[in-house]
Amino acid sequence: MMLRYLLLPFAAISLLYFLSPMPALAQGSAQPISQCQAIAQVLPDVAFASFKPQSALNAHLASDEVKITYIGHSTFLIETPGGVSIATDYSGWYVPPKTPDVVTMNKAHSSHYTLTPDPAIQHVLHGWGDDGDPADHDVVIGDTYIRNVTTDIRAGGGMMEPDGNSIFIFEVAGLCIGHLGHLHHELDESDYAEIGRLDVLMVPVDGGLTMGAESMSRVVTRLRSALILPMHRRGPPVTNFLQMFGDTFDRSFAVEASVSVSVRSLPRKPLIYILQGV
């Protein structure tokens with residue numbers, strides 16, 4: 001696929017120059033600063049992500065590239081230039097080819113979590129609170145800052161359980177990568193403000209087990225990420241989800257399970273890219 005390059009305004013280039021690819025810390029505090037939220041507030045209409053099919057790359061990642069592999073269901077393996085590996089919505093059902101350093105989980109269904117993960121995994125991040133409070137992750141692991149935004153999930157009797165799901169956000173190599181988890185409701189403005197800019201979006205497209213295709217498409221349209229990776233593809237064909245989008249979105253079916261992402265270039269329009277499973 002031929003990449004097309006975006007010419008950023010001078011102010012945007014200047015901002016990117018001064019933003020370190022490593023997670024920043026607030027002065028006098030151990031609390032990381034979210035560059036994704038800062039970018040969203042300062043430059044709301046500028047997207048910075050790019051992607052290349054893995055076959056077009058050398059065997060090793062460049063210093064500014066993140067490799068994303070679709071393992072299956074809602075599990076992706078994210079590999080960072082600093083050597084950190086992260087598995088999303090890890091349940092043990094869909095096992096990455098190597099033991100990840102970090103796993104994230106959500107508890108809507110047992111296919112999105114396990115209470116007995118591989119003990120070799122160094123960091124296990126639950127998307128729900130273990131003490132009755134909402135999950136609150138702000139952690140720097142290697143070259144990656146990981147945070148979460150909680151949302152509610154459906155519970156028994158038609159009730160909603162507060163904060164049972166987390167949208168995990170991975171900030172690495174200048175990229176903002178978001179995984180919606182098992183999202184059961186449309187987001188409100190406070191959610192979008194907490195999330196900030198997402199260059200890469202992993203979105204469930206089952207058409208009902210999470211949300212209907214129309215509702216999910218409104219979330220995707222509002223976030224307007226440069227690269228959109230469908231997941232949780234049980235149920236109606238993914239083409240039902242694709243039909244929710246007009247000409248302002250491109251669509252492409254991959255022949256592989258992996259892509260590599262950097263801040264150097266991007267499609268001119270948001271691209272919905274359907275990865276093969278491993």
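Trainee: Before we start, what counts as a salt bridge here?

Mentor: A side-chain nitrogen of Lys or Arg has to lie within 4 Å of a carboxyl oxygen of Asp or Glu. Please keep in mind that this is a predicted model.

Trainee: How far apart are N and O in the salt bridge of glutamate 65 and arginine 264?

Mentor: The distance from N to O is 2.9 Å for glutamate 65 and arginine 264.

Trainee: Buried or exposed: what is glutamate 65? And its partner?

Mentor: Glutamate 65 is buried, at a relative accessible area of 4%. Aspartate 64 is buried as well, at 18%, and the cut-off for that class is under 20%. Arginine 264 is partly exposed, with a value of 44%.

Trainee: How many salt bridges does the structure hold?

Mentor: It holds 8. One of them joins arginine 147 to glutamate 171, with the closest N and O atoms 2.8 Å apart. Arginine 147 belongs to strand S10 (residues 144-154) and glutamate 171 to strand S11 (residues 160-172), so this pair connects parts that are 24 residues apart in sequence. Arginine 147 is buried, at 5% relative accessible area, and glutamate 171 is buried at 7%.

Trainee: Changing topic: in what order do the strands of the open sheet run?

Mentor: The 8 strands follow the order S9-S10-S11-S12-S13-S14-S17-S15, with mixed pairing. Strand S9 (138-141) and strand S15 (250-253) are at the edges with a single partner strand each, so one side of each has no neighbour in the sheet. On average, neighbouring strands are turned by 25 degrees against each other, direction ignored.

Trainee: In which sense do S15 and S17 pair?

Mentor: They pair in the parallel sense over 4 bridges, S17 covering residues 271-274. Aspartate 250 has leucine 271 in S17 as its bridge partner.

Trainee: Which strands does helix H4 lie across?

Mentor: Helix H4 (residues 213-223) lies across strand S13 (200-204) and strand S14 (227-231), and it runs at about 175 degrees to S13.

Notes
Residues numbered from 1 in each chain as written. Predicted model: local features only at pLDDT ≥ 70, side-chain atom pairs only at ≥ 80, totals over all residues. Heavy atoms only, no water. Pairing = 2+ DSSP bridges. Helix = DSSP H or I, 4+ residues; strand = E, 2+ residues; numbered from the N terminus. Axes fitted to C-alpha atoms, helices over the stretch in contact; angles between N-to-C directions. Contact = heavy atoms within 4.5 Å. Buried < 20%, exposed > 50% of the residue type's maximum accessible area, 1.4 Å probe, protein only.
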